[in-house]
Amino acid sequence: MKSKTISLMQLAKCLILLFSLHLFQVANAQDIKQLESKLKKAKTKPEEASLLNGIGLKYREAGKLDEAIDFHYKALDIFESLAEQEGQAETYNYLGTAFWRKNDYEQAIQYYTLALQIREQQGKRDDKARILNNLGLASQSLGDYNTSLEYYYRALGVWYQEDSKSEIATTLNHIGNVYLNRNTPDSAEIYYKKALIMRESMTDTLGIASTLNNLATLYKNQNNFTKAVNFLEQSIALLKETNQFDQLASNYNNLGGVYWQNKEYKKALENYLQALEMREQTGDKKVIASTMNNIGLIYKDLGNYEKALEYYELSLKEYQQMGDRFLEADALNFIGGVYWQSGDYRKALEVYRRSFSMRDQVGDPKYVARSHTNLALVYRSLGERDSALMEYQKGLTIYKELGDQKNAASMLNNIGTLHKVFKEDDLAVQYFKMALEMRTEINDRSGVANSSLNLGSIYVGKNKHSEAIVLFNNALIISRELKFQDLEKDVLYALAKAHAGKKEFELAYSYFEEYSKIKDKMMSGESIKKIADMQIRYESEKKERELQKTNIQLVQQKDKNKRQRNLIFTGVSILILISIFSLLIVQQNKRVTHANELLALKNQEIIQQKEEISAQRDAIEDQKNEITKQRDIAERQRDQITEQKQKITDSIEYASRIQAAVLPPESLINQVLNKYFIMFRPRDIVSGDFYWMRKVNNKSVVTVVDCTGHGVPGAFMSMLGTSLLTEIIDKGNFTDAADILNKLREKVKYALHQTADYIESTTDGMDCALCIIDYDNNKLQFAGANNPLYLIRNDELIEYDGDRMPIGVHLLVEDNFTNHSIDLIKNDMLYIFSDGFYDQFGGDKGRKMFTRNFKQILVDIHAMDIEIQHKEIEARFDQWKGSTRQIDDVLVVGIQIT
């Protein structure tokens, strides 16, 4: 990066901030120790509870949310035992904020609501309004925008009565954010500007900068990039006058996002690098990883998938180390996008599923809906029409429930495109019309243009050229207003085709000429050179940034040497330093020369690809004639397929009998377990889920395994898993539950010829929960591969997480599995299971059950007799599923300790 991008004054401020952060961390640790010391000397229960809350707040400031929640719960127990409402309300509010920061929004709302009830009874207006704002934030995070607005408006009324300008401005800004999320930009702009006027009247520099940033986001969403850049630059200028380098870095990051959306990659990269350098000064890993994601996004857009994956995987490791499953799911989503864009659909599907599973557990419906969209896109690319349609419908349902019309319309458009791809034109027209109507209603201009283009293309295929031209002309006006060249190019081509269909060849030729000009401009060698130049520029700037750090160290060493050595040695050191710089310059020149040679080769390849594309266009016409011939052949093959299908079904049914014979018989299970139930429901005739158990050295080994795939592929994997487990256990050369999984992983990888190269290996494998129960000593060992163990004791569910890696090859570095040792007591209930139960769609709204509902079912039934539990869990599943198709194999094993 060039030295002028950050001034000496800014660097000094960054260093001061870094030192301040260090002091804060030290002071925070000291504060906790001091509070803990006071806690030991507390003379009264209220004093003890207040100190517990104080420690909780310190842990929250340090980002240790689980520890914070634990201390707040201890404080709450005391306040509730004393019936002390003031302390209860305060603690409820602390708990709400801790859960909100953990992205557990429903739990946050529960505690905020309890705090609000007490504050309303007490008549404390300020505290009530603050809690209302907190409820608004939690509801907004959950995607419940209508409820969020109700809370904000109630808070706003209180702040106006109290004449608190700063709180009025904050709440106005919150309301603007809700309208922005609901895609009602006019309302968002009104509230942002009200907040801006209020903050300017108070000369609130940070508040003004924050609102300017929000306005920039608003205009970026409307593709008004000039205004967005202007507001961000104003915000940056204000923040440079303060010591808020974290916010300044965030604004540079946002500015990079505006340039990226406008496809000004060079400027985007400059601002991302500026943000990255400032964030590295603060040492905040979360925002550093976020900026790495943005740089990865640029590489993905440039088609440099290897480099994009490098940055995404770096950020993924950071998020995993932080234990942030929400952001970990996001990083996986980015990685899945790279695989999809590069055409590796199977790997994209696997990674998208992992991301979906995490988002599902976190429970944020907006992100769950986005994962459904991604999964649908991969299924569509794989030609799996029904699976793609199911995912789109699930996403649509969520967006409708959230009142998110913009994304709901987008999903309708996606479904229309899916039907179009599979030649279901009447259905495609139906969905494109619904999408167009909704987008028109909410004034989504770019969406209207896209749906008009899609609908018009169907009309052209039906020879309704006049209706198509009306839609295309509307789309052309919008694409030019928004300066969307990609869209304009597609619309011009569609207009040329429509007018040609009407025999209006002069108009058709005119539109085709315009289309060709834009296409040539976008595909020109000059554009490719600029992109390639930017790639080299980034590498050079990165190396220069590292060199600057090295230079600082060399200068420091030089100063030290001046005090310790005589003039002769100093002169020699300078000569050596000059020689090193000379060598670096020569090497850099060589790398630049080599890069230029690579560019020349790349341009030659692009020219060749353009010629191949032209040849392929001609070949398409020949393929159309061939398709007609193939149709007749297909009809003859259809009858053959029907006969073959019956034979295959008969074979699979026979295979199911073999698979059932391999599962442990009831007589063996009764020898291994005392009281138990097994709910086993394959989705198809044969299953990818299986259970296995054995009595070894008077200990019971029991495991539930979820293999990759359903049906026949899953059944093959289950047979392999059964065989390998039998081999490992019967040899008896294992030390604990984790050791069994480690050995099983090695054998699976060997059997499937999986190597350390994840990209080159098959991605088949298993998720597993394995227990070793020592009934004599009431001990349990547990190890899990992606799957957990639930233990319910005294009406409390305790979750023991499995390791986040499969039995098989893993995308990241493989560690040994973790062995959990647990003391058991009489009447403990253990549950191990696959994901099929809580992944099932159903209920009144046709949504997934999710783990939280599954846990509640287990808590509800755990005290029942074991046989009644079995019947009840079967009934609960059937009730939830209703008439919805079962989407996965289902396996739940319950074990009661006697």
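This is a predicted model: local features need pLDDT of at least 70, side-chain atom pairs count only at pLDDT 80 or more; totals for chains, interfaces and linings use all residues.
Some ground rules. Local features need pLDDT of at least 70 and side-chain atom pairs count only at pLDDT 80 or more, while totals for chains, interfaces and linings use all residues. Residues are numbered from 1 along each chain as its sequence is written, and side-chain values use heavy atoms, with hydrogens and water left out.

I'll start with the cores. A nonpolar core here is a set of buried Ala, Val, Leu, Ile, Met, Phe, Trp, Tyr and Cys residues joined through side-chain atoms within 4.5 Å. Buried means under 20% relative accessible area, exposed over 50%, and partly exposed in between, with a 1.4 Å probe and protein chains only. The largest core has 122 residues, and Leu135, Ile175, Leu215, Leu248 and Ile335 have the most contacts inside it. A second, separate core has 54 residues, among them Val696 and Phe782. Leaving aside residues up to four places away in sequence, Leu135 touches Ile109, Tyr112, Thr113, Leu116 and Tyr151; contact means heavy atoms within 4.5 Å.

Next, helix H11, residues 225-239. Helices are DSSP runs of H or I with at least four residues, strands are runs of E with at least two, and both are numbered from the N terminus. Which residues of H11 are buried? They are Phe225, Ala228, Val229, Phe231, Leu232, Ser235, Ile236 and Leu239. Seen down the axis of H11, they fall within an arc of 165°, so they line one face of the helix; the arc is taken from the directions from the axis to the C-beta atoms. These buried residues pack against helix H10 (205-221) and helix H12 (245-261).

Now the hairpin. Strands S6 (residues 789-793) and S7 (residues 796-800) pair in the antiparallel sense over five bridges, where pairing takes at least two bridges found by DSSP. Tyr790 has Glu799 in S7 as its bridge partner. Two residues separate the strands, and Asn794 in the turn has a positive phi of about 55°.

Last, the rings. Rings of Phe, Tyr and Trp (its six-membered ring) pair if their centres lie within 6.5 Å; planes under 30 degrees apart are stacked, over 60 edge-to-face, and the rest tilted. The structure holds 22 aromatic pairs. Tyr493 and Phe512 form a tilted one, 6.5 Å centre to centre with 50° between the planes. Tyr790 returns here: ring pairs link it with Phe833, Phe837, Tyr838, Phe854 and Phe877 into a cluster. Phe833, at 0% relative accessibility, counts as buried.

Technical notes: The expected span of a helix is 1.5 Å times one less than its number of residues.
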